[in-house]
Every structure is written in structure tokens, then in C-alpha cells.
Amino acid sequence: MALEVDSEEYHLGATEYRTTLRRRLLLESHGIDVTSAAPALIRDHPQELVAAIRTKLHLAKSRPTRPNIIIRPYL
């Protein structure tokens with residue numbers, strides 16, 4: 001599971017939005033469930049985000065196989 005913070009500042013333009021979608025598509029193509037959250041959600045409703053993440057992590061445990069990934073720094 002991955003959490004991606006999608007702020008308006010970095011996702012308003014068409015190019016930035018497309019870049020985000022391509023990155024998400026790549027992660028999901030490797031079996032990674034991507035959750036998006038706006039900074040306002042984190043700030044104003046952190047309990048909702050934590051509950052959603054916990055639920056998704058619990059569901060991920062029931063998968064028959066987990067994705068095999070290598071984490072590299074984003075440059």
C-alpha cells in the first residue's frame with residue numbers, strides 16, 4: 001500500500017496531473033494499492049485517513065500473494 005499526498009499546488013496543471021496518474025498507474029500495475037489524500041484531509045480529519053489506511057492494510061494481509069517490489073529513491 002502507498003499513500004500519496006495530492007496537494008493542489010503540485011497537481012493543478014495538466015502536466016502535473018498526468019505525471020501523478022502515470023506514477024499511480026505504475027505502482028498499481030505492480031500490485032500496490034495507492035491511497036490519495038489532500039493535505040486538508042490530513043490536517044482536518046486525520047482519524048478518517050488513519051481508519052482508511054488501517055482497513056486497507058488489513059485487507060492487504062488477505063491477499064493470496066503480495067507484490068514483490070524494490071524501493072528506490074525518487075530523484
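**Figure 1. Five salt bridges turn up in a search of the whole structure.** The model is a predicted one. The protein chain holds four helices and two strands. Their order along the sequence is β-α-α-β-α-α. Along the principal axes, the C-alpha atoms fill a box of roughly 40 × 30 × 20 Å.

Figure 2. R23 is partly exposed, at a relative accessible area of 27%.

Figure 3. R24 belongs to helix α2 and E4 to strand β1, so the link spans parts 20 residues apart in sequence. Both residues, R24 and E4, are buried.

Figure 4. D6 is in the loop between β1 and α1 (8-11), and R24 is in helix α2, so the pair ties together parts 18 residues apart in sequence. D6 and R24 are both buried. Through shared partners, salt bridges join E4, D6, R23 and R24 into one network.

**Figure 5. T20 is a buried residue of helix α2.** Its relative accessibility is 4%, which is why T20 counts as buried. Leaving aside neighbours within four places in sequence, T20 contacts E4, D6 and H11. E4 and D6 are also members of the salt-bridge network.

**Figure 6. Helix α2 covers residues 14-29.** The helix has 16 residues and reaches 22 Å from first C-alpha to last. That is close to the 22 Å expected at 1.5 Å a residue. G31 follows α2, with a positive phi near 90°.

**Figure 7. The protein chain exposes about 6,300 Å².** Carbon and sulfur atoms supply 59% of that area. Of the 75 residues, 17% are buried. Among contacts with a separation of 6 or more, 61% come from residues 24 or more positions apart. The chain carries 11 positive and 9 negative charges, whose mean positions are 10 Å apart.

How values were computed
Residues are numbered from 1 along each chain as its sequence is written. This is a predicted model: local features need pLDDT of at least 70, side-chain atom pairs count only at pLDDT 80 or more; totals for chains, interfaces and linings use all residues. Side-chain values use heavy atoms; hydrogens and water are left out. The expected span of a helix is 1.5 Å times one less than its number of residues. Buried means under 20% relative accessible area, exposed over 50%, partly exposed in between (1.4 Å probe, protein chains only). Contact means heavy atoms within 4.5 Å. Accessible areas come from the Shrake-Rupley method with a 1.4 Å probe; for residues, only the protein chains shown count as cover. Lys and Arg count as positive and Asp and Glu as negative; His and the chain ends are not counted. The place of a charge is taken as NZ of Lys, CZ of Arg, CG of Asp or CD of Glu. A salt bridge is a side-chain nitrogen of Lys or Arg within 4 Å of a carboxyl oxygen of Asp or Glu.
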